[in-house]
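Dear colleague,

I am handing over the structure below, and my notes on what was found in it follow directly after.

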Amino acid sequence: MEPLMITVALVGGELSRKDTPFLPLTPDEIAAEGFRCAREGACILHLHARDVDGTPRHDRALFAAIVRKTDEQCESGGISSPILQFSTGGSIGMTVDERLAPLALRPEMATLTLGTVNFGEDIFENSLPTIRRIAQALREKKITPELEIFDAGMMDTARQLIEEGVLEAPLHFNFVLGVPGGLSGEVENLEFLLGKLPEGSTWSAAGIGRYQLPLNQFALSHGGHVRLGLEDNIYLQKGQLAEGNAPFVIRMKELAKQAGRALASPGEARRILRLRRS
Ligand code: KMH
Ligand code: ZN
């Protein structure tokens, strides 16, 4: 098996400090948290940004500050900078223009959700024209997409977009299961989706709330990769808030060690993901 890539979804676009006091919000906090996670073995940071009052804001300057501060921390801490993966999902209600604005910074990776899905009481909107538009922006800027799969039909959309030439295989998929309104996070659902992966794809598994750990463990033992962190789950175990994102990484590092699977460095992750600028 390839070394395990750990992606950390540090903050997300929906939570607030009312949900957990351990949520990093400012660029300084996000960068410090990213550095801690990278030091423990994470190789990809999935990024959203927040305004001074914690409001989700897809603002280019905020993302630029996160990038700069993360690089500075890694350099002074003597570790390689992780891959920075910008969210193009943003948070519910953002316009597509807002969601795309930070891509001007040309990160190595960015997300691309392959369909509209109910998101709790809200709607996370990704019509086909929107998906094509985001995919084109990524292509033009040579940013590698991570395809976010929240529901089964999104795998059919992946196939359709490959046929259209909008997406180019081989591709990297991230299954985000357990969003209320999307496909739930039972392992059998992940197995079903894996059966639909286009040849040559790489994949990771993320689970919302209580689904995070079992889906991560399945991926660890089946040649996939993992996404974890506060965006998806704020509890380290039942009733115990995680004191930041690093505890999830530390636990996964231990599980990988027990399973005899090495962790991917950022350089190895660039090779595994065939990053366009590697
Ligand atoms: N905040 C969610 C509505 C992504 O980052 O690409 C969407 C999301 C997906 O978080
Ligand atoms: Zn996200």
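**Cysteines and the ligand site**

Cys-74 counts as buried, at 0% relative accessibility, where buried means under 20% relative accessible area with a 1.4 Å probe and protein chains only. This is a predicted model, in which local features need pLDDT of at least 70 and side-chain atom pairs count only at pLDDT 80 or more, while totals for chains, interfaces and linings use all residues. Residues are numbered from 1 along each chain as its sequence is written, chains are lettered from A and ligands numbered from 1 in the order in which they are written, and side-chain values use heavy atoms, with hydrogens and water left out.

A search of the whole structure finds zero disulfides, a disulfide being a pair of cysteine sulfur atoms within 2.5 Å. Cys-74 is in no disulfide, and the nearest cysteine sulfur, that of Cys-37, is 10 Å away. Cys-43 is likewise buried, with a relative accessible area of 0%, and its sulfur is too far for a bond because the closest cysteine sulfur, in Cys-37, is 12 Å from it.

Turning to the ligand, the side chain of Ser-87 has an N or O atom 2.7 Å from an oxygen atom of ligand 1, and a polar backbone atom of Gly-90 is 2.8 Å from a nitrogen atom of ligand 1; polar contacts of this kind are pairs of N or O atoms within 3.5 Å. Of the 300 Å² of accessible area that ligand 1 has on its own, the protein covers 98%, by the Shrake-Rupley method with a 1.4 Å probe.

Best regards

Note on methods: A polar contact is a pair of N or O atoms within 3.5 Å; within protein, one must be able to donate a hydrogen and the other to accept it, and residues adjacent in sequence count only if both atoms are side-chain atoms. Buried means under 20% relative accessible area, exposed over 50%, partly exposed in between (1.4 Å probe, protein chains only).
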